[in-house]
Amino acid sequence: MNFKQLMQLTLIHWTKLMKVDILASGSSGNVIAIRSNQSTILVDVGIAKTKIEKRLLEKGINPTSIVAIFITHAHKDHIQGLSLANKYKIPVYASENEWKSVAGVEQDLQRKFKAGEGIGLQDFYLESFKTHHDAYEPVGYAISDFQGNKCSVCLDTGHVDNQMLEKMEFSQIYIIESNHEPNMVEVSDYPNSVKARILSHIGHLSNEQTATALSSLVQGLGEQIYLTHLSNKNNLPALAEMTTMRALMKKGFKANKHYKLEVI
């Protein structure tokens, strides 16, 4: 069996065994639920606890089935609903330095790690990787299950480096921010300081940066791509979608044939 056949077989397993639900995305809040077999984890809890509970139940997920919450970084739109952890006694994982910005989580539920470390938990193995954002120690996650399925989550980063690409490669699903179009940021009514932050190397990914990263990662084997964390003021869903599709077309890949793409 060659590599392409192996990846295709893995994709078939993934569609049966790992499921992703993006419950919230954007500057108003981010929540991702990932299921494999009988276990569910959340990546970020950036909306109110009651809203998270409601959206979980709408997806058929009982909050009591959640085995862990993983935080990318401690900005409000990623941790607003952390009281969910206390209510259901869910362990919360965040990088060691990022806990400097987290309050209110019961001490016995706190789990600390250094960016780059791996974490094994029931059906999942997560590899954290350093991202580039204006937080203490922000991370992304490459999440695998024990059937060989892999999902990568990359939110809130000013650029994508080679180490990040190495951690995310060979995923069947990519959840990645496509935050803004630089020209729209430049002409926006944001203060210059905010514009500089968004466009900086520790800000957010532009459509073009996201497309470039995905063109390095996607192999055209049926991967599922979610473009997330779009700016309401400085982006358009159609623009984000077109930019990524154009980059993948240069590799000879067509949407719905070689990959699937959804803008959240």
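User: Which helices and strands do the buried residues of H8 pack against?

Analyst: This is a predicted model, in which local features need pLDDT of at least 70, side-chain atom pairs count only at pLDDT 80 or more, and totals for chains, interfaces and linings use all residues. Residues are numbered from 1 along each chain as its sequence is written, and side-chain values use heavy atoms, with hydrogens and water left out. The buried residues of H8 pack against helix H5 (162-168), helix H9 (237-249), strand S11 (173-177) and strand S12 (223-228). Helix H8 itself spans residues 207-217, and its buried residues are Asn207, Thr210, Ala211, Ala213, Leu214, Ser215 and Leu217. Helices (H or I, at least four residues) and strands (E, at least two) are DSSP runs, numbered from the N terminus.

User: What makes the protein chain as compact as a globular protein of its length?

Analyst: The protein chain has nine helices and 13 strands. Its radius of gyration is 18 Å, close to the 18 Å that the globule rule gives for 264 residues, so the chain is as compact as a globular protein of that length. The radius is taken over C-alpha atoms, and the rule is 2.2 Å times the number of residues to the power 0.38. Along the principal axes, the C-alpha atoms fill a box of roughly 55 × 50 × 35 Å. Of the 264 residues, 54% count as buried. Among contacts (heavy atoms within 4.5 Å) with a separation of 6 or more, 61% come from residues 24 or more positions apart.

User: Why is isoleucine 198 called buried?

Analyst: Buried means under 20% relative accessible area, exposed over 50%, and partly exposed in between (1.4 Å probe, protein chains only). Isoleucine 198 has 8% relative accessibility and therefore counts as buried. This residue lies in helix H7 (residues 192-199). Beyond its neighbours within four places in sequence, isoleucine 198 is in contact with Asn179, His180, Val185, Tyr190, Gly203, His204 and Asn234. Isoleucine 198 and glycine 158 are 40 residues apart in sequence, with their C-alpha atoms 7.7 Å apart.

User: Why is the pairing of arginine 35 with aspartate 21 called a salt bridge?

Analyst: A salt bridge is a side-chain nitrogen of Lys or Arg within 4 Å of a carboxyl oxygen of Asp or Glu. The closest N and O atoms of arginine 35 and aspartate 21 are 2.6 Å apart, so the pair meets that definition. Arginine 35 lies in strand S2 (residues 31-36) and aspartate 21 in strand S1 (residues 18-24), so the pair ties together parts that are 14 residues apart in sequence. Arginine 35, at 18% relative accessibility, counts as buried, as does aspartate 21 with 7%.

User: How do you know whether lysine 49 is buried or partly exposed?

Analyst: Lysine 49 has 21% relative accessibility and therefore counts as partly exposed. Glutamate 53, at 10%, counts as buried. Their side chains meet in a salt bridge of 3.7 Å, N to O. Both residues lie in helix H2 (residues 49-58), four residues apart, about one turn of the helix.

User: Where do lysine 114 and glutamate 96 lie?

Analyst: The side chains of lysine 114 and glutamate 96 meet in a salt bridge (2.7 Å, N to O). The pair links distant parts of the chain, 18 residues apart: lysine 114 is in the loop between strand S6 (110-113) and strand S7 (118-121), and glutamate 96 in the loop between strand S5 (92-95) and S6. Lysine 114 is partly exposed at 46%, and glutamate 96 is partly exposed at 36%.
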